[in-house]
Amino acid sequence: LIKAPSAVLATRGQVAALGEERDSIDAAPPSAGPLEEQLSLLSESLRAWPVLAVADVPYVSLRVAVFVALHDSGLVPAGMAADELLFTVANLFAVMLTTPIYVIRTQMLLGKKSILELPGTVRDLYDNDGLRAFQAGWSARLLYNGLF
């Protein structure tokens, strides 16, 4: 829930940059005050939360599981530098494996779809671009989330 408002704002910015929905960026009418805008953003965030959770829960879980497995394996000596290296490796692994979920999530957020439309979104992506559709943006995601 904490990440939901920032994810909604990021998605709005992506849509605006593409010029697809310039008029829908402002959720509230121009005469609305700050409170109405905040309530509108909160409402939109709560609707998007299940879609965000579908992607974030597997990513974070996988990253933690891989880090703990590597950390407890004894392959590298204990220490802050080693932990940083192990976390980076675990993060890179999690980013690569969960990129398809993030592609689906992005399509659902852009289309303002509910979690119930998940199977249809997967089918549409596959029908349009095949398996390659699920790897869209992997390099940028790897650089942003995997290394930084």
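**Figure 1. Overall organisation of the protein chain.** Among contacts in the protein chain between residues at least 6 apart in sequence, 70% join residues at least 24 apart. The model shown here, and in each view that follows, is predicted. The protein chain has 148 residues, of which 30% count as buried.

**Figure 2. The crossing of helices α3 and α4.** Two packed helices are described by the angle between their axes and the distance between the axes. Helix α3 covers residues 80–110 and helix α4 covers residues 118–129; their axes come within 10 Å and cross at roughly 110°. Angles of 65 to 115 degrees count as roughly perpendicular, and α3 and α4 are therefore roughly perpendicular to each other. On the α3 side, the contact is made by V103, I104, Q107 and M108. On the α4 side, L118, T121, V122 and L125 take part. An α-helix has 3.6 residues a turn, so residues three or four places apart point the same way.

**Figure 3. Helix α4 and the residue that follows.** Helix α4 consists of twelve residues, which at 1.5 Å a residue should span 16 Å. The C-alpha atoms at its ends are 17 Å apart, in agreement with that expectation. Just after α4 comes G130, whose phi is positive, at about 70°.

**Figure 4. K112 in the loop between α3 and α4.** K112 is placed in the loop between α3 and α4. Although K112 is not a glycine, its phi is positive, at about 50°. With a relative accessible area of 53%, K112 is exposed, because the class of exposed residues begins over 50%.

**Figure 5. The aromatic pair of Y59 and Y102.** A search of the whole structure finds two aromatic pairs. One of them is formed by Y59 and Y102, with the rings 6.0 Å apart centre to centre and 85° between the planes. This pair is edge-to-face, since planes over 60 degrees apart count as such. Y59 belongs to helix α2 (residues 34–73) and Y102 to helix α3, so that the pair links distant parts of the chain, 43 residues apart. Y59 counts as buried at 8% relative accessibility. Y102 is likewise buried, with a relative accessible area of 8%.

**Figure 6. The aromatic pair of F67 and F87.** The rings of F67 and F87 also form an edge-to-face pair, with 6.2 Å centre to centre and 70° between the planes. Here too the pair links distant parts of the chain: F67 lies in helix α2 and F87 in helix α3, 20 residues apart. At 35% relative accessibility, F87 counts as partly exposed.

Figure 7. S61 has its place in helix α2. At 42% relative accessibility, S61 counts as partly exposed. The C-alpha atoms of S61 and A94 are separated by 8.7 Å, while the two residues are 33 residues apart along the chain. A65 is also placed in helix α2. With a relative accessible area of 44%, A65 is partly exposed. A65 and A90 are 25 residues apart in sequence, and their C-alpha atoms are 8.2 Å apart in space.

**Figure 8. V95 in helix α3.** V95 lies in helix α3. At 0% relative accessibility, V95 counts as buried, because buried means under 20% relative accessible area. From C-alpha to C-alpha, V95 and Y144 are 9.7 Å apart in space, and in sequence these two residues are 49 residues apart.

How values were computed: Residues are numbered from 1 along each chain as its sequence is written. This is a predicted model: local features need pLDDT of at least 70, side-chain atom pairs count only at pLDDT 80 or more; totals for chains, interfaces and linings use all residues. Side-chain values use heavy atoms; hydrogens and water are left out. Axes are lines fitted to C-alpha atoms, for helices over the stretch in contact, and angles run from 0 to 180 degrees between N-to-C directions. Helices (H or I, at least four residues) and strands (E, at least two) are DSSP runs, numbered from the N terminus. Angles under 35 degrees count as roughly parallel, over 145 as roughly antiparallel, 65 to 115 as roughly perpendicular and the rest as oblique. Contact means heavy atoms within 4.5 Å. The expected span of a helix is 1.5 Å times one less than its number of residues. Rings of Phe, Tyr and Trp (its six-membered ring) pair if their centres lie within 6.5 Å; planes under 30 degrees apart count as stacked, over 60 as edge-to-face and the rest as tilted. Buried means under 20% relative accessible area, exposed over 50%, partly exposed in between (1.4 Å probe, protein chains only).
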